[in-house]
Amino acid sequence: MAEKLYNVGKVVNTHGIRGEVKVFPQTDFPDVRFAQGSELILQHPETQSTLSVTVERSRLHKNMYIVKLKQFDDINDVEKYKGWMLKVSEAQLVELPEDEYYYHEIIGCRVVTDEGEELGVIDEILAPGANDVWVVKPSKGKPILIPVIDDVLLNVDIEGKVVTVHLMEGLI
């Protein structure tokens, strides 16, 4: 079975003529992912073909990272990788502190209330500001938005793929 890969960024364009690429970061750890010597995997969005690459250097520029990969020294070498995803393997995932989770661990979890009511399955995660919001897709009806705050989130069982919540008045 192929190793599971996780997005850390998307190559959106080339930068300059020396083989640098503009990367839109999709990670909470850009300083780790785009650090000198970091091993990444370039993956074509449709064919899923991959290429291992190493970060030579990077810098933050207008919410994007300008990344120089050791394997490329010329704009012509990197032009074909526009639109490709930058990924890491499961073994490279950063250990998270207690009560923090990766998106892939949360999406697909069933959500139940502390009174035993089944609400649905977490379908999407929004990050509008102060706290994340988990979008729960019920078996029928409109999606339910669950704020990720201590008063609402009672228990997250990653192994069992179940999240227990307390519905505060006015939440649904």
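Isoleucine 125 stands opposite tryptophan 134 in strand S9. The two residues belong to a predicted model, in which local features require pLDDT of at least 70 and side-chain atom pairs count only at pLDDT 80 or more, whereas totals for chains, interfaces and linings use all residues. Residues are numbered from 1 along each chain as its sequence is written, and side-chain values rest on heavy atoms, with hydrogens and water left out.

Strand S8 (residues 118-126) pairs with strand S9 (residues 133-137) in the antiparallel sense over 5 bridges. Strands (E, at least two residues) and helices (H or I, at least four) are DSSP runs numbered from the N terminus, and two strands count as paired if DSSP finds at least two bridges between them. S8 and S9 belong to an open sheet of 6 strands with mixed pairing, in the order S10-S9-S8-S7-S12-S11. Strand S10 (144-147) and strand S11 (153-157) each have a single partner strand, so one side of each is left without a neighbour in the sheet. Neighbouring strands of this sheet are turned by 35° against each other on average, direction ignored; the axes are lines fitted to C-alpha atoms, and angles run from 0 to 180 degrees between N-to-C directions.

Another 6 strands form a closed barrel, which runs S1-S2-S5-S4-S3-S6 with antiparallel pairing. The twist from one strand to the next averages 50°. Leucine 42 stands opposite leucine 51 in S4.

The largest pocket holds about 900 Å³ of space. A pocket is an open set of points on a 1 Å grid where a 1.4 Å probe fits, with protein on both sides within 12 Å along at least five of seven lines; lining residues have an atom within 4 Å of a point. Of the 29 lining residues, Asp28, Tyr101, Tyr102, Tyr103 and Asp132 are the closest to the centre of the pocket. Strand S1 (5-15), helix H3 (103-106) and S11 each supply at least two residues of the lining, and the largest share, 4 residues, comes from S11. The lining comprises 17 nonpolar, 6 polar and 6 charged residues, with Tyr counted as nonpolar and Asp as charged.

Definitions and conventions:
Points joined across faces, edges and corners; volume = space filled by probe spheres on them.
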